Protein chains: 4
Amino acid sequence: MTEMTETASGWLAPEELESVRGRMPILYVDVVPVRVDDKGVVTHVGLLLRIGSDGVVSRALVSGRVLYRERVRDALMRHLEKDLGPVALPQVPVTPQPFTIAEYFPAPGVTPYHDSRQHAVSLAYVVPVAGDCRPRQDALDLIWFTPEEAASPMVQQEMIGGQGVLLKQALAHVGRLP
Amino acid sequence: MTEMTETASGWLAPEELESVRGRMPILYVDVVPVRVDDKGVVTHVGLLLRIGSDGVVSRALVSGRVLYRERVRDALMRHLEKDLGPVALPQVPVTPQPFTIAEYFPAPGVTPYHDSRQHAVSLAYVVPVAGDCRPRQDALDLIWFTPEEAASPMVQQEMIGGQGVLLKQALAHVGRLP
Amino acid sequence: MTEMTETASGWLAPEELESVRGRMPILYVDVVPVRVDDKGVVTHVGLLLRIGSDGVVSRALVSGRVLYRERVRDALMRHLEKDLGPVALPQVPVTPQPFTIAEYFPAPGVTPYHDSRQHAVSLAYVVPVAGDCRPRQDALDLIWFTPEEAASPMVQQEMIGGQGVLLKQALAHVGRLP
Amino acid sequence: MTEMTETASGWLAPEELESVRGRMPILYVDVVPVRVDDKGVVTHVGLLLRIGSDGVVSRALVSGRVLYRERVRDALMRHLEKDLGPVALPQVPVTPQPFTIAEYFPAPGVTPYHDSRQHAVSLAYVVPVAGDCRPRQDALDLIWFTPEEAASPMVQQEMIGGQGVLLKQALAHVGRLP
């Protein structure tokens, strides 16, 4: 869950965001991008490949903050375009109901989710994308995995902050947990 | 909820279906076809215009039976194609979870749903359709309504068997109940 | 959605909360307390009776902020106890998935929800309560309404900020929208 | 998914049920009984211990058919009482929406679910039970497992027909998938 353009928007200066982060839960969205067949069955899930400031490679969901006066749908579209590029053709769900929420706590172990920087509460959605995905910004690449691969220990151990658990919940929600 | 090609499929002769109908709950699907904007907000819902054997005009959801050895997704696709034609481009949901179930009882008043022919239990889904809709078979037309129109008494009173209630539940699920 | 004990908790001084309110979406929970029969059918919904600083009477859901390092479940329990008293015996849902989210915008008309003080995003839950309810603090009373009464224009027009719409969505979710 | 008292009800003779089973999907309910703490967190899931006609021991969910003119809620209550006894005090969910559906096909491999006797479509619910559970009829015992135990290979391999997958989906739905 990286912070990119939001603070450049003028709503909240970086130092203000840092100040708030230690005081309140911050609202996020998490998105699991998926490929579906012509009957809506999920065939693949997309994971971003990132390199942390410590050089460690990890795989991540599309994720980011909801801004002041920004609708959740607009936040979903913005982060999807930020991470997958402008021609991914995402189909944002018709219902605002997330399939679950993920509570990222600054202390590990309170919930399955952890973010040392902050207390973030994320609304999680599965979003089919039909177009070409061209990761931008700090993501190196986007790789598509089958549900079996995505739930495998190899992929799961490359995910951080509990996003591996969230990914398995998404697979369960779409009936594709192995 | 009309019975069309299913009994012609060879799995169940019409007289057999009649016999079973008085003995067991029959599994159905109900679909609310919708138009969405580029952020997934429902802008219109589609209702079929039907004329009953008694000459009465009514408005109806896409609806029909799930067949033996037919997956629910396949039933959704089959009924959508039957009622909206082959180029409607429906986006069947990624999750098999229906937004609700509708229990149509042969006696009125047990639930909000009623079907004098049978006890049917329907799995209800909202399905965005992006293409051209050309109703076939016994439907005269497909009309698109705004959420406000769809929830209005004028449209509601033209729906039968409790499908008006189901339509309002669908609007609530997508955050568009007026 | 009133602010009570939270700012007394030491995590955020009132003036800090005011400062943040104009900068970020604030995370809330909304709860529809319900009475159910022995088969889980909702028979009544509970609404708080409040008197605003302008003397206007209104009806409201149980509602409030999620605090820093507070789990959503704990926030639900805290606000339920705050508004319904210590012996209401609420049955908080097993799933963290809200039945919907409500996006309260400071400007009216962006969504069905409005809060002139802030941009609040609320996770909404239906919670059966089995015990005695004794409203505390700023609520005058808690009144139980049938689903039909709750959806009626008389009750709906006494609810503010879009909570009447949220209440109808809750009724739809439990299959009790008239 | 065993057939017990239903055919004794007079609605469908055993030979008729056999006849229908090869012709139509049969409507079922699957229930995952759970223990929760005072904040609604699932702490344990209950599994029935059964011995098949072949002497093989297996673990199973509470499961059974929905009868003609029986509401799904009534079917849930009936099967819960049948399998857990009269003082289990189940809290049937307020929403009729199942957390997922399970499509048991007579041929293995079509879906994750398999039932050689029939094509059954099951509505799946998680139900907290607060009272004493005393298995009756063909179940030997009811054992409570932590979420970690329930998702472990040892328990999973003792479940048949895909119910292990359904159990993991239930754990994901309540935010307790390890």
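**Ground rules.** The model is predicted, so I kept to its limits: local features need pLDDT of at least 70, side-chain atom pairs count only at pLDDT 80 or more, and totals for chains, interfaces and linings use all residues. Residues run from 1 along each chain as its sequence is written, chains are lettered from A and ligands numbered from 1 in the order written, and side-chain values use heavy atoms, without hydrogens and water.

**Symmetry.** I looked up how chain A relates to chain C. A rotation of 180° with 0.0 Å of shift along its axis superposes chain A on chain C, with an RMSD of 0.0 Å. In chain A, the C-alpha of Leu27(A) is nearest the axis, at 3.3 Å. I then checked the interface, taking contact as heavy atoms within 4.5 Å. Of the interface residues of chain A, 100% are also interface residues in chain C, so the copies meet through the same surface.

Next I took chains D and B. Chain D can be laid on chain B by a turn of 180° and a shift of 0.0 Å along the axis, with an RMSD of 0.0 Å. In chain D, Leu27(D) has the C-alpha nearest the axis, 3.3 Å from it. Here too the same surface serves both copies, as 100% of the contact residues of chain D recur in chain B.

**Cores.** I searched for nonpolar cores (buried Ala, Val, Leu, Ile, Met, Phe, Trp, Tyr and Cys residues joined through side-chain atoms within 4.5 Å). Buried means under 20% relative accessible area, exposed over 50%, partly exposed in between (1.4 Å probe, protein chains only). The largest core has 125 residues, and Val45(A), Val45(B), Val45(C) and Val45(D) have the most contacts inside it. Apart from it lies another core of 45 residues, among them Ile101(A) and Val127(C).

**His173(A).** This residue lies in helix α5 (residues 163-173) of chain A. Helices are DSSP runs (H or I, at least four residues) and strands are too (E, at least two), numbered from the N terminus. His173(A) counts as buried because its relative accessibility is 19%. Leaving out residues up to four places away in sequence, His173(A) touches Phe99(A), Thr95(B), Pro96(B) and Gln97(B).

**Val57(A).** I found Val57(A) in strand β3 (residues 57-60) of chain A. Val57(A) is partly exposed, at 43% relative accessible area.

Conventions:
Least-squares fit on C-alpha atoms with pLDDT ≥ 70 in both.
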